[in-house]
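Thanks for asking me to look this over. My comments are below as numbered points, and they are meant to be read with the model open beside them.

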Amino acid sequence: MNPVRHIAGRSVVLPTRDIDTDQIIAARFLTTTSREGLGEHLFHDLRRNKDGSRNEEFVLNRPDSDSCTILVAGKNFGCGSSREHAPWALLDYGFKAVISSEIADIFRNNALKNGLVAIVVDDDTHAWLLENPGAALGIDVESATLTLPDGRTIGFELDKFARYCLIEGLDQLGFLQQHIDRIERFEESRPWTP
Amino acid sequence: MQTSSTLFEKVWADHVVVPETADTPAVLYIDLHIIHEVTSPQAFSVLREKGLPVRRPDLTLPTLDHSTPTTPVSSFKDLLVAGEGAANQVRQMEQNCREFGLDLLGYGSGKRGIVHVIGPELGATQPGKTIVCGDSHSSTHGAFGALAFGIGTTEVGHVLATQCLLQRKPKTLAVDIDGRLPDGVYAKDLILAIIGRIGVDGGTGHVIEYRGEAISALDMEARMTICNMSIEGGARAGLIAPDDTTVDYLHGRERAPQGADWDAAVSRWQKLRTDDGAAFDKSTSINASALSPMVTFGTNPGMVVAIDEAVPTGSDASFRKALDYMQVESGKPMTANAVDVVFVGSCTNGRLSDIEEAARVLEGRSVAKGVRMMVVPGSEQVKAAAEARGLDRIIAAAGAEWREAGCSMCIGMNGDIAKPGQLSVSTSNRNFEGRQGVGARTVLASPATAAASAIAGHVADPRKFL
Ligand code: SF4
């Protein structure tokens, strides 16, 4: 994973609450054995009309959304399944961060492990972000702060370990492997483990 | 001084290899890792890149379920029914298992099936274990007093390589359920009512323990239905303390402990309960006696209503969007909606008792004209058991389709889908937009409600068919 320290970008707003992982990446696009190329199918059924044509109304299809890298979403974003294809698709599309007032546990976990900065802000900040699409935002991972266009900075919670992994671009598997001795001792101490 | 702990805390403490600190999560040992073809290929690629073996093939249980066709598969050509991508995933899984020395419960094993159905039926799911799988309904295994949760593909790689996960300790939520479920009201109705009560994010960050008279009275399959949908309430895991029902269920199963090991296991399991006075971070309660059959009316599993009550009115944009999508009207009961497709199956309701409940309603009746009903057993063993009881013949005589085991219309990856605009009454766990096909409208319900709806041709109250 590449280190992620600072993100500067404009926001695109998807205000609907409870956007689930099926909407992010529909199941019929999961028949892949790689991580690449999922961006094409991101929000597929929202981006297209029933007849398959482009839904020009959908926010991601508007020309001014093209260069946006920060997704501001309604409450409880990413609920539903554990499919890591959801953060893979968002990253592949070009998003670097997702902000909401609540983000589903497994999605958030998966996102952070892949370098997609998923952050939860307070309701007031969230409301402001929802009302101001296209805002130029700054996210500093190390200090866990979000900077609004007027220069105000807002702190958010980010697990220290997740933060460390983002900043260092650390592969968590490597971290686990450092404990292999203790894992072995643990296994020996539990004779009933099948 | 002896401190009192919850069931969750006991299982958690038992698996901590390295304790968590402010800076680092805990290293948690995993006793059983179930894998399937959709969320594991990228994890095997990582092992291959790093030259790592699978650390504990003996604790890894691989099967094929998500993208497999539910029409009989006798050759590779049949696999292509579900499309090139799905066929490729199956081939890849077979190859990964060969290469890494894993015993795949695949075609021809007689034991293939949905990840959360085969773990328990083989007796691999046991009280006090930590169990993970790259599927969020891993919470199902919590019905046995195991700590079980869904993980992403990166974590599948972590467990394959180290048999451990990095985890922060979640909070606890107690859900106390008094009373007894009335006739025609099932575990599915209860869990839908609970999600309706706490909301789809009510359990976020928590592990739920379901307790109380109504839970004790349930058999293991019904308990699995309850724990299965914990994730729909936002919780990562759901637990039920093991009791005699649990022990009886596991006794004699092929992967359960045998002989003296069995006795030792049972005495360990008996200690797995929440101590009196142990504190939960949150709690809520619900009375089962007053419940009716429940159905969803919207596009998330928290949008539920009793079958004999009117769909509520809501004004926020998400609520209106959901009703628009569903073509459902506020103020009218769900029974006003005509049905196109009925699906009985999935890890929520694809076990023998579920198929029996559906068959009981179908027996001597016919599926309404224009309605397509599919009954998909959760595993090859469920299929064989149902056939031994003649349930397949009752189902076929009623005009419904009896198919091969798999996830099928729960996720719609294998070609089993509803057409745009069709209304599907489904015993699965998610009614998200497009989950069962583009534009498909899903109503979640119990197997009895699903079967009653197939016969009536509209969403129907099963109590009229019992
Ligand atoms: S039946 Fe549905 S929820 Fe269950 S494992 Fe299969 S896809 Fe996942």
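**Notes on the two-chain model**

1. A:Phe43 is buried, at a relative accessible area of 0% (buried means under 20% relative accessible area, exposed over 50% and partly exposed in between, with a 1.4 Å probe and protein chains only). Its phi is positive, about 50°, although A:Phe43 is not a glycine. The residue sits in the loop between H1 and H2 of chain A (helices are DSSP runs of H or I with at least four residues, strands are runs of E with at least two, and both are numbered from the N terminus).

2. A word on conventions. This is a predicted model, in which local features need pLDDT of at least 70 and side-chain atom pairs count only at pLDDT 80 or more, while totals for chains, interfaces and linings use all residues. Residues are numbered from 1 along each chain as its sequence is written, chains are lettered from A and ligands numbered from 1 in the order in which they are written, and side-chain values use heavy atoms, with hydrogens and water left out.

3. A:Ala144 also deserves a look. A:Ala144 has a positive phi of about 50° without being a glycine. You will find A:Ala144 in the loop between strand S5 (136–140) and strand S6 (145–147) of chain A, and A:Ala144 is buried at a relative accessible area of 3%.

4. Now chain A as a whole. Chain A contains eight helices and seven strands, and its C-alpha trace spans about 60 × 45 × 25 Å along the principal axes. Of its 194 residues, 56% count as buried. Among contacts in chain A between residues at least 6 apart in sequence, 63% join residues at least 24 apart (contact means heavy atoms within 4.5 Å).

5. Leaving aside residues up to four places away in sequence, A:Phe107 touches A:Ile24, A:Phe77, A:Gly78, A:Ala86, A:Pro87, A:Leu90 and A:Leu116.

6. On to the interface: how many residues of chain A are in contact with chain B? There are 53, and they meet 63 residues of chain B. The two chains bury about 5100 Å² between them, 58% of it on carbon and sulfur atoms (buried area is the accessible area, with a 1.4 Å probe, that two parts lose on being put together, summed over both). A:Thr33, A:Leu173 and A:Leu176 supply 12% of the area that chain A buries against chain B, more than any other three residues.

7. The polar side of this interface has 23 residue pairs in polar contact, both at pLDDT 80 or more (a polar contact is a pair of N or O atoms within 3.5 Å; within protein, one must be able to donate a hydrogen and the other to accept it, and residues adjacent in sequence count only if both atoms are side-chain atoms). H8(A) gives the largest share of the side of chain A that touches chain B, six residues.

8. Salt bridges are the next thing to check. Over all chains there are 36, and ten of them are counted between chain A and chain B (a salt bridge is a side-chain nitrogen of Lys or Arg within 4 Å of a carboxyl oxygen of Asp or Glu). One of them pairs A:Asp22 with B:Arg435 at 3.0 Å, N to O.

9. B:Asp31 and A:Arg190 form a salt bridge, with their closest N and O atoms 3.2 Å apart. B:Asp31 lies in the loop between strand S2 (26–29) and strand S3 (32–35) of chain B and A:Arg190 in the segment after H8 of chain A, so this pair joins two chains. B:Asp31 is buried at 2% relative accessibility, and A:Arg190 is buried at 6%. Elsewhere, salt bridges that share partners join A:Arg17, A:Asp18, A:Lys75 and B:Asp201 into one network.

10. Lastly, a pair within chain A: A:Asp45 and A:Arg28 meet in a salt bridge at 2.6 Å, N to O. A:Asp45 lies in helix H2 (residues 44–47) and A:Arg28 in the loop between H1 and H2, so the pair ties together parts that are 17 residues apart in sequence. A:Asp45 is partly exposed at 29% relative accessibility, and A:Arg28 is partly exposed at 30%.
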